[in-house]
Structure formats: C-alpha cells, structure tokens
Amino acid sequence: MANKPIVKAEKLSVTYMMGRPNQVNALTDANLEIFPGEFVIFFGPSGCGKSTLLYAVAGLERNIQGDIFIDGKNLAKFNEKELDNHRQHTIGMIFQAYYLISSLSVFNNIVLPQFPLNVKNKEREKKAVDLLSFFGVKEQIKKYPNELSGGQQQRIAICRSLINDPNLILADEPTGNLDSKSATDVMNLLLELNEKKGKTVILVTHSPGSLDYAHRVFYMKDGKIIDVKVNRQPGEPVKKEVTEANVLAKDLETVSGGAGTGGSQINKSLELLARTYSNIAGQFGSLLIPFKAKQIVSEVLTSLGNHDIEALEKEVEDLLKKILSQEDFKSFLDRGVGDFGLGLDKRTAEKLSEKIYQIVAEIRDMEEQEKQLGAGIVQDNDKEVKDIREYLFEAFDVKIHDRLQLERVNSFIKQRLENKIDGKQFSANLDKSLKEGGVNLETRLARKLAQRLELLILGKLR
Ligand code: ADP
Ligand code: MG
C-alpha cells in the first residue's frame, strides 16, 4: 500500500443551522487517513454523520471547517472548476436509490457522465461494454431501468460510477434497497472492484452485516469517529466466508424517511448528478428541472418537522390530483398551525406555493408528453421516431411536407435517440441548409425542437 493517503481529513467539522436553536453538529473534529487501494467502511447508527462525512469527501458538502485533502490537495480550497473535475474524475458515487434515468437505456445511463468530456462515441461504447461485461450484465445494454431488478439496477449504477475511471468509489448505503441476496452480490462487486481494479472504496452503512468486507472500519457516533478497527491487512483476503445472512442489509433508513436526514441526502446526491450532467444540458437548462424540483422540495423539507412534511405531502397530492387550486394551496402554507396550515409567513408561502405549483405544472406537462408518445421513448424503431417527429412538429406548429426534410428530421431524431449525436449537434443539424445535409430550419426553432427532444429523453427521472 502506498503510504500517501488518497483522503486525509484534519479536524473536519460540519455544522448545520449554525447559531440557530436547532443547530446540528453533524460532524465534529474528524481526523482520518485513507490509503490508495483500501476498502473502508463508515459505520454507525442513523443520523451519526456518516453521509455528511462521505459528502464532504465528495466535495458536495461545502459547509466544512477544518481540512480535507484529496491526493494531497486541500478540497476545502478548491474552486468550482477543480470541484467539477474532482466530481467528474476522481470520485464515482453510488447511492441507495440508484438514481438511474428511466427514459434512458442502460447504455445511455452508463455513458451519461461522459457527455461533458468530449469522448469519442467508439471509445465511450467500448468503455460501457467493458464495464457491463465485467459486471456480468452485458445482455442488458439495450434495456431500460424499469425492466431490471433492484440488484441489476444497482449494478448499472455501479457501472455509471466507473465510466470516467475514478480512483475513489464512494457508496452511500448502496445495499439499502436490496434483498439480502442482491445486497451480497453488490458487496462482492465492490470487493472485486477494490481487489481487481485497485479502486479505493469508501462505503457508508448502518448495518453491521457487511463490516467484514472492509480493511478498516471507522465507527461513528454523534458526529464523531469514536473508534477504528482493523479487520485485515492490504492483500489479505476477507476473513470470514461472508454469507447472505451476514449481509442482511435490508435497510430501514430509506432515503425518504429517517428523522429528517433523508431530504438533505437526496438533495446532495441530486446536486451531484445535476452537476455531472449539467454540461450535457448546456443551453438546455430545462433538462435539470426534475433535479431542481427534487432539490427545492427537499430544501424546504429539511427546514420542516416530520408532522409538517406529512401535511405538506398530503396537500401536494391534492394539488397533483387537481382537487386543490394554487390559491388554496397557498392559503394552506400561510394559515396558522391552529387552522391546520403550516404557519409560514406570507412571502415564504407565496414563493413556495409558486415554486411547487410550477413543479406540479411541469410534471403534468411531462405526463402529457408521455401520453402523446404512448409508452414513451422505448424502442428505437421507426414508428417511435415518427411519433416523436409528429409530436415535436405539432408542439411547435411546424409544417413540413418535403420528403427529404422529413427523412432527415427522422434520421437525426434516430441518431439522437441512439446517442450518436448530442443535443447540440441535433439542433445544428436541423439548422443547417439542405446543401449542407441539414433541414434548413430557423435557428431558434431548431433549438426549441432540440430542447424539447432533450426534455423527452431526460425528462422522466425515477
Ligand atoms: P447518517 O448518514 O449517519 O444517517 P447524516 O450525515 O445524514 O447521518 O446526518 C447527520 C446529522 O446531521 C443528522 O442529525 C441529520 O439530521 C443532520 N443533517 C444532515 N443534513 C442536514 C441538513 N442539510 N440540515 C440540517 N441538518 C442536517
Ligand atoms: Mg446517511
């Protein structure tokens, strides 16, 4: 083992709600060193600060005191560019909830983090196929996430975390949603990654069944690292036969539950994904709406208590079912608690209702789009392409009857769905003259069509 740590924390602390009555010292004076090639686990009860520590390493938790060095460089001092680089190249993240995008094929999900990087299609494809083969899921390349079991989805998410070849794999309760057999599979995959590919793995869990996998376990409680236990030396195999029963990982700490910790975790993981994908979106900012919606809601949720959240969810449900108007919703937010409201001040209520209402409208819009597309973008057959073209034309009142133009639009849609071109190229192709092989649409219209197509492709987040 190299003796320079890949991760080193010195007096690392994270305080939420600093100076308020509800101040939380989520992490206090953590000191640790993790070495290249190690498999370590942060272990402790729900709420003890494991995820906070992990997200600090990921560069997602920026509200830190103390220092944290990644390969000797102080992450606390990184600028935005260095942070993006860190998130895109140094770390790969795996989450309990997978966060695959249901409207994209397995292949496209895996290569998504490559989009900002200008990698050649061929190279991208080879990487994805290699990873899928390594993890024994190559035959799933054309499938869609909802055709897969939880265990298979987590494998795909693991492939995605590896596509940019990071040295550091960060996994936050990755087996939390899985049955014990799949949980064991996933743990064994992480072990293989560590042993065969030499990746450094940091895994967060509150279930004791998988501790044997680690070289070292950092025990945490109340925001502190209280103990470090060495299980095995580098190169030494996992001691016990780790059985299925051992990795009984059924995790009660679901992302949406868990004493108010869920919101911020969703928030941070979504932020990571949004950042990873933001360059794909480029001019197409609206792609990030689903991420943003979740972020906004979870932002609000972290400042509310459990009871309030339940009440709010109930009202949003009514809003979705269209039995509540935006006005009534606003009044609910603003009414005093005694009147079964949330008791927010008027301005906050107004802003929040506006935000949530927009989100709800956006969701409805997407549902509408999907309805029009039948089952959504599923197979790359010609009918699908034609449906999409017709939908796009109708949405923007485009009337083209020229065969050549129509055929070209079809072919560009197809190429986009197969990811042979990106959204920008799609837009440029529509824009180009017929002579140049394009469709000769107006630039603005081309962009709008491209934007809508991107929304269709990425719009539905699971
Ligand atoms: P674990 O992953 O071990 O369950 P977390 O790191 O998620 O714990 O949370 C540690 C503590 O910090 C918990 O008390 C949690 O409620 C609190 N916490 C986490 N994120 C936030 C946040 N954004 N705002 C306020 N408190 C938070
Ligand atoms: Mg956690």
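Helix H12 (residues 382-395) packs against helix H13 (residues 403-417) at an angle of about 110°, and their axes sit 9 Å apart. Angles of 65 to 115 degrees count as roughly perpendicular, so that is the label for H12 and H13 here. The crossing of these two helices is right-handed. Keep in mind that this is a predicted model.

Who touches whom? On the H12 side you'll find Asp382, Val385, Ile388, Arg389, Leu392 and Phe393, and they meet Leu406, Val409, Asn410, Ile413, Lys414 and Leu417 of H13.

Next up are strand S9 (residues 216-221) and strand S10 (residues 224-230), which run antiparallel and are joined by six bridges. To pick out one pairing, Met220 has Ile225 in S10 as its bridge partner.

S9 and S10 make a hairpin, with two residues between them. Take a look at Asp222 in that turn: its phi is positive, about 45°.

## Aromatic pairs

How many aromatic pairs are there? The count comes to four, taking rings whose centres lie within 6.5 Å. One of them is Phe42 with Phe218, an edge-to-face pair at 5.8 Å centre to centre and 85° between the planes.

Terms used
Residues are numbered from 1 along each chain as its sequence is written. Chains are lettered from A and ligands numbered from 1 in the order in which they are written. This is a predicted model: local features need pLDDT of at least 70, side-chain atom pairs count only at pLDDT 80 or more; totals for chains, interfaces and linings use all residues. Side-chain values use heavy atoms; hydrogens and water are left out. Axes are lines fitted to C-alpha atoms, for helices over the stretch in contact, and angles run from 0 to 180 degrees between N-to-C directions. Helices (H or I, at least four residues) and strands (E, at least two) are DSSP runs, numbered from the N terminus. Angles under 35 degrees count as roughly parallel, over 145 as roughly antiparallel, 65 to 115 as roughly perpendicular and the rest as oblique. A crossing is left-handed if the near helix is turned anticlockwise from the far one by less than a right angle, and right-handed if clockwise. Contact means heavy atoms within 4.5 Å. Two strands pair if DSSP finds at least two bridges between them. Rings of Phe, Tyr and Trp (its six-membered ring) pair if their centres lie within 6.5 Å; planes under 30 degrees apart count as stacked, over 60 as edge-to-face and the rest as tilted.
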